[in-house]
Amino acid sequence: MMLCPELLAGLKAEARKAALARRAACDPALGSALTTHLLRDAPPPHGAIVAGFWPMGAEIDIRPALHALHALGHRIALPVTPRRGNPLAFRQWQPGDTLARGPLGTSQPGPEAAPLTPDWLLVPLLAFDRAGHRLGYGGGYYDRTLASLPGATAIGVAYACQEVDEVPVGVDDAPLAAIATESGVIFCGAAKV
């Protein structure tokens with residue numbers, strides 16, 4: 001069922017507020033358990049360029065996954081936040097690299113880092129459902145980015161408590177292939193894994 005834009009925006013705003021409250025009670029260190037499940041049950045293919053992100057605030061800490069994937073020989077890319085309305089760009093990162101302050105409180109590789117185009121992405125979210133729908137922060141950056149990378153695999157990363165029965169979805173919302181949490185990996189069938 002297609003919702004009018006105003007109703008959809010209101011539903012998403014309410015869902016974001018509830019998701020932020022649930023997430024605030026979680027321990028970011030659960031990212032170590034997420035890493036175990038991800039590497040065992042849904043690892044990227046050999047040679048994949050993997051995009052992650054530097055966690056902010058109460059987001060689950062995926063740095064253990066980034067370090068493990070780098071140790072397995074994957075090139076790692078982190079997002080560079082562009083002007084609103086554009087997809088993310090990605091630059092190479094490896095353990096020990098210094099990050100620059102980006103917009104919206106993000107940390108990102110500096111301009112000296114090589115640009116990369118990922119084919120496998122770890123995607124942050126506020127809420128998800130088992131159909132592979134995600135609720136982001138509202139800027140649409142990842143939806144535009146995933147639309148610009150049609151062959152890429154997108155894996156959401158979150159705490160298990162961020163699961164909801166149904167995420168309000170619009171026509172431009174990109175689905176995920178799976179979601180990795182500290183409790184396991186949920187395969188959604190939205191895309192290849």
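Me: Is R63 buried, partly exposed or exposed?
Reply: This is a predicted model, and the relative accessible area of R63 comes to 31%. Buried would need under 20%, and exposed would need over 50%. At 31%, R63 is therefore partly exposed.

Me: Which residue meets the side chain of R63 in a salt bridge?
Reply: Side chains of opposite charge can pair when their charged atoms come close. Here the N to O distance is 2.9 Å. The partner of R63 is D61.

Me: Is D61 buried or exposed?
Reply: Its relative accessible area is 15%. Buried means under 20%. So D61 counts as buried.

Me: How many salt bridges does a search of the whole structure find?
Reply: One of them joins R63 and D61. Another joins R40 and D41. E163 also forms one, with R130. The search of the whole structure gives a total of 3.

Me: How far apart are the closest N and O atoms of R40 and D41?
Reply: R40 is exposed, at 54% relative accessibility. D41 is partly exposed, at 32%. Their salt bridge has its closest N and O atoms at a distance of 2.9 Å.

Me: How many residues apart in sequence are the parts that E163 and R130 tie together?
Reply: The closest N and O atoms of this salt bridge are 2.7 Å apart. E163 sits in the loop between β9 and β10, while R130 sits in the loop between β7 and β8. The pair therefore ties together parts whose separation in sequence is 33 residues.

Me: Of E163 and R130, which is exposed?
Reply: E163 has 28% relative accessibility, which makes it partly exposed. R130 has a relative accessible area of 52%. Exposed means over 50%, so the exposed one is R130.

Me: Which residues of helix α2 are buried?
Reply: An α-helix has 3.6 residues a turn, so residues three or four places apart point the same way. Helix α2 covers residues 31-41. Its buried residues pack against α3, β6, β9, β10 and β11. They are G31, L34, T35, H37 and L38.

Me: Which residues touch the most other members of the largest nonpolar core?
Reply: Nonpolar side chains tend to be buried together in soluble globular proteins. The largest nonpolar core here has 46 residues. Its largest share, 4 residues, comes from β6. The members that touch the most others are L38, W120, L121, L122 and I155.

Me: How many residues make up the second, separate core?
Reply: This core stands apart from the largest one. Its members include L126, A127, L135 and V167. The count is 5 residues.

Me: What is L121 in contact with, beyond its neighbours within four places in sequence?
Reply: L121 is one of the residues that touch the most other members of the largest core. Neighbours within four places in sequence are left aside. What remains is A51, F90, T145, L146, L149, A152, T153, A154 and I155.

Me: Which residues of helix α4 are buried?
Reply: Helix α4 spans residues 141-148. What covers its buried residues includes β2, β3, β6, β8 and β9. The buried ones are Y141, Y142, D143, T145 and L146.

Me: What does L88 touch, not counting residues up to four places away in sequence?
Reply: L88 is found in the loop between β2 and β3. At 11% relative accessibility, L88 counts as buried. Its contacts are P79, V80, T81, P82, Y141, Y142 and T145.

Me: How far apart in space are L88 and T35?
Reply: In sequence, 53 residues separate them. In space, C-alpha to C-alpha, the distance is 24 Å.

Me: Which residue in β11 stands opposite I179?
Reply: β10 and β11 form a hairpin with 2 residues between them. The strands run antiparallel and are joined by 4 bridges. Opposite I179 stands I186.

Me: What is the radius of gyration of the chain?
Reply: The chain has 4 helices and 11 strands. A compact globule of 193 residues would have a value near 16 Å. The chain agrees, with 16 Å.

Me: Buried residues make up what percentage of the chain?
Reply: The chain exposes about 9,300 Å², and carbon and sulfur atoms supply 57% of that area. Of the 193 residues, the buried share is 47%.

Methods: Residues numbered from 1 in each chain as written. Predicted model: local features only at pLDDT ≥ 70, side-chain atom pairs only at ≥ 80, totals over all residues. Heavy atoms only, no water. Buried < 20%, exposed > 50% of the residue type's maximum accessible area, 1.4 Å probe, protein only. Contact = heavy atoms within 4.5 Å. Core = buried A, V, L, I, M, F, W, Y, C linked by side-chain atoms within 4.5 Å. Salt bridge = Lys/Arg side-chain N within 4 Å of Asp/Glu carboxyl O. Pairing = 2+ DSSP bridges. Rg over C-alpha atoms; globule rule 2.2 N^0.38 Å. Areas by Shrake-Rupley, 256 points an atom, 1.4 Å probe, with all protein chains shown as cover.
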